[in-house]
Amino acid sequence: MPPPSLAPPSVRPARDALLRWFARHARDFPWRHDRTPYRVLVAEAMLQQTRAETVVPYFERWMRALPDLHALARAGPDTVLRLWEGLGYYRRAHALRRAAQEVVHERGGRFPDQEAELRTLPGVGPYTAAAVAAFAFGRAAIAIDGNVRRVGARLLADPAPRDADLRAHLAPLLPARAPGRTTEALIELGATVCRPTSPRCDLCPLASVCSGRMYGRPEAFPAAGRRSPPRTRRRYAALHLNGDRLWLIRRPEGGLLAGLWGPPQQEEPPPGRFLPEVAHRYSHFALRLTPVVATPGAPPPPPPDGGDGAWCDPATVAELPLSTVDRKVVALARDAGLLTVLPSRP
DNA sequence: AAGCCGGGGTG
DNA sequence: CACCCAGGCTT
């Protein structure tokens, strides 16, 4: 039996309450101004699996450096990665650059304005396609992200709702004008009120139509998924120095930290002087990395698969895109007196 | 369907 | 520690 939450008699008040709540409580993010397709696409790419507050400074810096689609299409991979450095999931940055090149060079600069077309761009999946269609082009689409899924699961009291069920249930909330506001409002609601833990049902404009709340346990929905236990990897970062130049390699495409530079890593301890271990937790494994200062004159390992490798002076180290862990390693090397200049982020 | 892909905030 | 975040891609 379908839940009564959004049956015809209550759908209009619920929709009005949701949109009124959003008009009053929406946070002010830079991507909510000047919603061009380019700005929306960049924002949605950065926001994938990343908290909105984290994205703000990255988005503003990106827009200053690459203000439009053509600027991005012309930019090199290191420029893009440097602007992305610290956001993680670096495939997003490569895909965003390829998407810009595709629109500029294969679509004559005409941005796709429908979900199905958008979906063909690299890095654009079901959520982002719907979000760009709704936010930038005013399409009546509901983009389902983690927030919308949680809000919908609680409204339905369904521990694992299918996307089609969520769309069918939430579609009545779409207003005739500015339908993109509905997705925005549901996302905002999920982020600030219908939170994963300790939801604030007392502040929720949809509380009166929420089955999860009626059953008394809104936080039980959606049900938590199974997680594989994290594994620990021990590795060694080889610091090869030539004067104050440091040997860095570029990581190959497709894998971890794709396209980023860093000291070469290996599983066996190399000869040399050990520096303090750096611990870092990734989403699916834990890394214990020990930097080792290689014996002076020892030949550095060649770059992987014919990729790039270079002797980098401190200024270059500061400019190339490095992962957070490798920044820590370089900082250790600096503190040990091996490098002269502080590598800093832009 | 499940694994891979970063980093950080929060309880 | 745990979970999760304006997900997408690959197998």
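## Exercises on aromatic rings

The structure holds seven aromatic pairs, where rings of Phe, Tyr and Trp (its six-membered ring) pair if their centres lie within 6.5 Å. This is a predicted model, in which local features need pLDDT of at least 70, side-chain atom pairs count only at pLDDT 80 or more, and totals for chains, interfaces and linings use all residues. Residues are numbered from 1 along each chain as its sequence is written, chains are lettered from A and ligands numbered from 1 in the order in which they are written, and side-chain values use heavy atoms, with hydrogens and water left out.

**Exercise 1.** Classify the pair formed by the rings of W62 and W84.

*Solution.* For W62 and W84 the ring centres are 5.8 Å apart and the planes stand at 80 degrees, so the pair is edge-to-face; planes under 30 degrees apart count as stacked, over 60 as edge-to-face and the rest as tilted.

**Exercise 2.** Decide whether W62 and W84 are buried or exposed.

*Solution.* Buried means under 20% relative accessible area, exposed over 50%, and partly exposed in between (1.4 Å probe, protein chains only). W62 has a relative accessible area of 0% and is therefore buried; W84, also at 0%, is buried as well.

**Exercise 3.** Name the residues that ring pairs link into a cluster with W31.

*Solution.* Ring pairs link W31 with F29 and F59.
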